[in-house]
Amino acid sequence: MQKATLIGAGKLAHHLGLRLTQQGVAVNQVYSRTKKKAQQLAKLLKAKATNHLEEIESGADLYIIAVSDSAIEIVAAELAKTIDPSKAFVVHTSGATLSLVLKPYFKHYGVFYPLQSFSMEKEPDFTNIPICIDAHHKADKNKLEVLAHRISNKVFTINDEQRAVLHVAAVFVNNFTNVLYQSAAELVESKNIPFDLLRPLLLETALKVQAHQPKDMQTGPAIRKDSNTIKKHLSFLKKEHPELFLVYLQLTQLLYPDFKP
Ligand SMILES: NC(=O)c1ccc[n+]([C@@H]2O[C@H](COP(=O)([O-])OP(=O)(O)OC[C@H]3O[C@@H](n4cnc5c(N)ncnc54)[C@H](OP(=O)(O)O)[C@@H]3O)[C@@H](O)[C@H]2O)c1
């Protein structure tokens with residue numbers, strides 16, 4: 001694949017577009033409904049910018065729909081009126097969306113889902129980002145595999161059913177752990193202790209699971225079945241942070257199912 005078109009100019013489109021161009025895949029056009037955003041990203045990628053889907057040109061090897069999940073189908077339906085729906089190869093980049101949303105509109109469709117959390121503040125290291133691909137036709141899947149290997153060393157074929165589970169798991173390891181960090185920060189800061197004291201601990205746990213199974217690395221009062229300590233923690237939370245009482249209890253019972261408060 002030599003030429004791609006990016007539909008969307010958000011975080012994913014920005015980082016993926018940069019990586020594709022670095023790796024020799026030209027981005028022909030960038031579409032964003034916000035003209036300025038299309039122009040900004042297109043300038044970086046030396047591509048053409050448009051804020052009109054009807055201006056999307058035919059002839060790209062791949063059309064990458066990288067818009068908000070709720071807009072994927074709306075955009076696909078509009079795009080199919082402009083490019084040839086029997087020839088164009090169109091993918092979306094969403095972990096939470098079935099590839100089948102593209103089926104009513106395009107003969108060649110698939111998914112190109114980089115499993116990482118992207119933000120504008122941090123440059124991602126694509127070589128270690130798993131790229132989860134799938135496509136309806138085998139030949140298309142092969143093309144995506146070759147493309148994915150150009151930008152990452154970790155490429156996996158993941159079907160719709162698997163990707164739905166993977167996305168739930170990603171919420172656990174990313175969003176839920178982070179909200180627990182946030183709760184921990186509020187706990188310590190309420191006693192004038194800086195969150196910095198906890199950073200080495202959380203890093204150590206994250207590093208350990210790079211080489212071991214999470215269940216083998218579990219420590220703490222719940223896995224030790226230390227009911228006295230757990231009860232002390234629960235009574236403190238009930239009094240001072242009642243919003244965290246049930247969270248603590250349910251996570252404890254995940255580790256120590258027989259625990260009764
Ligand atoms: N960010 C991540 O960490 C990440 C990781 C893996 C996969 N993804 C997937 O990548 C896709 C894009 O996510 P993102 O993080 O890049 O989102 P984002 O930064 O919020 O950008 C969303 C893009 O979608 C456009 N958009 C929203 N609604 C639209 C509509 N009705 N019509 C046309 N364009 C619309 C936005 O345009 P405006 O700027 O004009 O609003 C913007 O270009 C999503 O499917 C997401 O699940 C994201």
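An oxygen atom of the ligand sits 2.8 Å from a polar backbone atom of L12. That is a polar contact, meaning a pair of N or O atoms within 3.5 Å; within protein, one must be able to donate a hydrogen and the other to accept it, and residues adjacent in sequence count only if both atoms are side-chain atoms.

Before going on, what you see is a predicted model, where local features need pLDDT of at least 70, side-chain atom pairs count only at pLDDT 80 or more, and totals for chains, interfaces and linings use all residues. Residues are numbered from 1 along each chain as its sequence is written, and side-chain values use heavy atoms, with hydrogens and water left out.

At V67, a polar backbone atom is 3.1 Å from a ligand oxygen. Taken alone, the ligand exposes 900 Å², and the protein buries 79% of that (Shrake-Rupley method, 1.4 Å probe; for residues, only the protein chains shown count as cover).

Next, the surroundings. There are 24 residues around the ligand, and L12, T34, K37, D69 and F118 come nearest (a residue is near if one of its heavy atoms lies within 4 Å).

Last, T97. Is T97 buried or exposed? T97 is buried, because its relative accessible area is 12%, and buried means under 20%, exposed over 50%, partly exposed in between, with a 1.4 Å probe and protein chains only. Leaving aside neighbours within four places in sequence, T97 is in contact with D69, I72, H92 and R163, contact being heavy atoms within 4.5 Å.
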